[in-house]
Amino acid sequence: MTAADEPTTFADLALREELVGALASLGYEEPTPIQREAIPPLLEGRDLLGQAATGTGKTAAFALPLLHALEKRGRGSAPVALVLAPTRELAMQVSEATHKYGRDLGARVLPVYGGQPIGRQLRELERGVDIVVGTPGRVIDHINRGTLKLSEVRTVVLDEADEMLDMGFAEDIEAILEAAPGERQTVLFSATMPPRVDKIARRHLRNPVRIEIQREQTPTGEAPQVRQSAYVVARPHKPAALGRVLDVEAPEAAIVFCRTREEVDSLTETLNGRGYRAEALHGGLSQEQRDKVMGRLRGRTADLLVATDVAARGLDVDHLTHVVNYNVPSAPEAYVHRIGRVGRAGREGVAITLAEPREHRMLKTIERATGQKIVVEKVPTVADLQARRMELTRVALHEALIEDQFESYRVVLDALTDEYDVVQVALAAIKLAHEATTGPAGEDAEDIPTAAPRPETSYSDGPAAKRGGAERPVRKSRPDAARVFIGLGRAAGLRPQDVVGAITGESSLSGRDIGSIEISDRFALVEVPSAAADEVVQALRKTKIKGRKATVRLDQGPTR
Ligand code: AMP
């Protein structure tokens with residue numbers, strides 16, 4: 001039995017009732033592997049070095065123990081935990097997740113990052129907080145101003161340590177760790193473990209528990225031979241992208257795996273609304289309801305089963321052709337387990353994974369662990385879909401021609417050929433047949449944008465970008481764009497991802513607000529929305545890029 005099969009529940013992990021309750025109401029059915037392994041030692045107060053990428057559930061793995069240890073504290077209290085994250089986006093996500101998990105405990109969680117007016121952060125800090133989640137630059141700022149006191153901090157978490165170092169935050173991290181009390185718990189999560197991360201771990205972690213999410217290599221023979229592909233799409237486009245992929249793949253029967261009960265319910269509703277025959281299956285259903293759902297799938301009155309891992313455990317459907325991961329699974333074992341449901345007995349099986357840009361790394365981890373390639377494909381375009389639908393109509397007509405049972409319709413043909421050419425009549429009949437089987441094409445009028453894996457990898461991922469599905473959209477200069485000059489260039493090792501990282505980490509912009517980036521030997525020019533240009537300049541002046549202070553100003557020069 002692999003770790004993924006152990007029936008550990010959140011209650012088994014001895015977490016406080018309020019936390020178990022909050023997780024249940026979020027629809028989490030069981031801990032992910034990283035949570036199962038990390039939570040017990042963290043509850044004991046051990047230091048921890050975890051190799052895990054986004055998508056593994058690492059946030060809850062460190063946030064739940066922090067919340068478990070939380071006591072009610074009065075007004076004006078200084079934080080007991082500090083989480084450092086590389087970007088504003090991640091700091092916000094971690095802070096929101098921690099806030100949700102700690103809802104019933106009244107946990108006070110404060111995100112601090114550049115770009116947000118500092119006044120609000122100051123007021124909140126004064127009022128008292130329990131957990132601060134911030135980018136290193138802004139955290140150092142607050143420490144230097146004396147507005148963030150670390151004297152009560154019992155735990156420091158470094159999230160995505162490799163990314164923080166890549167963005168030039170090494171010195172800030174060192175300074176923050178030096179400023180925190182020596183008697184503390186230190187937790188470090190990183191998707192990769194380059195020597196620089198290892199060095200920080202050796203300096204600042206004491207006898208840490210080590211956890212690696214791809215510990216075991218799955219013997220290649222064990223993994224089924226299944227066609228495996230992935231689509232990188234931003235969250236808001238996922239339902240539409242799934243619809244497209246399902247239309248083109250036309251599965252006989254498929255299981256779509258989701259993370260939570262809520263996701264299962266909402267996706268089932270969306271799919272049914274779009275005309276698919278989908279059934280929900282999750283741990284919240286009674287045995288009777290489950291039996292009904294399975295009956296519909298086996299009886300082929302449903303062709304999509306939307307399920308959580310827990311609910312699908314032990315489920316066996318003979319005619320299953322496709323497994324769809326609506327999210328990247330939280331561990332390679334879960335992936336292997338899921339796709340093992342198709343491709344049996346020599347039949348073709350297909351595994352499809354939708355990954356958000358941030359989860360791209362987890363795909364790589366799974367590829368490494370399974371030793372099998374997951375091909376990143378482009379979400380089918382409107383044209384692909386139309387071609388596929390035409391093909392289906394052609395096949396249907398061809399079958400009808402072979403069957404040769406249409407004599408009774410000859411009266412209609414005879415009546416029409418008095419007035420029209422036979423070819424015209426045939427074309428009109430094809431149109432009707434096409435529309436009757438595929439429906440009007442209204443919803444598919446627009447193409448779904450392909451997402452970059454994540455801003456900082458999109459530039460270096462040359463081969464992936466060429467393969468398709470991974471390129472950063474080419475940006476046109478917009479009339480409302482301003483250019484910011486940064487006095488660092490290739491000579492200083494500056495890469496586009498450093499620029500994107502610094503801007504998203506320290507200002508209110510997200511990767512998609514950033515336009516073209518040109519890097520020459522000595523300087524870089526980056527396009528940002530005019531309205532945010534001053535903010536970006538101010539933010540970049542305060543921070544370090546590639547560990548250095550750079551000249552930053554609005555570029556007034558002519559467009560080259
Ligand atoms: P993370 O790797 O921390 O970014 O988490 C990835 C996603 O998994 C987030 O959307 C979480 O809400 C979700 N998640 C984390 N733990 C669980 C769990 N035990 N069950 C279901 N979903 C989870």
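Predicted model: local features only at pLDDT ≥ 70, side-chain atom pairs only at ≥ 80, totals over all residues.
Buried means under 20% relative accessible area, exposed over 50%, and partly exposed in between (1.4 Å probe, protein chains only). Residues are numbered from 1 along each chain as its sequence is written, and side-chain values use heavy atoms, with hydrogens and water left out.

**Exercise 1.** Describe where the side chains of strand E12 (residues 322-325) point, and state whether they are buried or exposed.

Solution. 
- Step 1: Strands (E, at least two residues) and helices (H or I, at least four) are DSSP runs, numbered from the N terminus.
- Step 2: In a regular strand the side chains alternate between the two faces of the sheet.
- Step 3: From E12, His322 and Val324 point one way, while Val323 and Asn325 point the other way.
- Step 4: All of these E12 residues are buried.

**Exercise 2.** Find which strands pair with E12 and in what sense.

Solution. 
- Step 1: Two strands pair if DSSP finds at least two bridges between them.
- Step 2: Strand E9 (residues 254-257) pairs with E12 in the parallel sense, over four bridges. Here Phe257 has Asn325 of E12 as its bridge partner.
- Step 3: Strand E13 (residues 350-355) also runs parallel to E12, joined by four bridges. Here Val324 has Ile352 of E13 as its bridge partner.

**Exercise 3.** Explain why helix H3 (residues 58-68) counts as largely enclosed by the rest of the structure.

Solution. 
- Step 1: List the buried residues of H3; among them are Lys58, Phe62, Pro65 and Leu67.
- Step 2: Ten of the eleven residues of H3 are buried, so the helix is largely enclosed.
- Step 3: For the protein chain, 53% of the 560 residues count as buried.

**Exercise 4.** Classify Leu416 by accessibility and name the patch that contains this residue.

Solution. 
- Step 1: Leu416 lies in helix H17 (residues 410-417).
- Step 2: Leu416 counts as partly exposed because its relative accessibility is 34%.
- Step 3: Val411, Val412, Leu416 and Tyr420 form a nonpolar patch on the surface.

**Exercise 5.** State how confident the predictor is in the protein chain.

Solution. 
- Step 1: The mean pLDDT is 85, and 88% of the residues reach 70 or more.
- Step 2: Over residues 1-5 the pLDDT is below 50; this stretch has six contacts (heavy atoms within 4.5 Å) beyond near neighbours in sequence.
- Step 3: Over residues 455-476 the pLDDT is also below 50, with 48 contacts beyond near neighbours in sequence.

Methods
Patch = residues over 30% accessible without salt bridge, like charges linked within 9 Å, V, L, I, M, F, W, Y side chains within 5 Å. Areas by Shrake-Rupley, 256 points an atom, 1.4 Å probe, with all protein chains shown as cover. Salt bridge = Lys/Arg side-chain N within 4 Å of Asp/Glu carboxyl O. pLDDT = per-residue confidence, 0-100.
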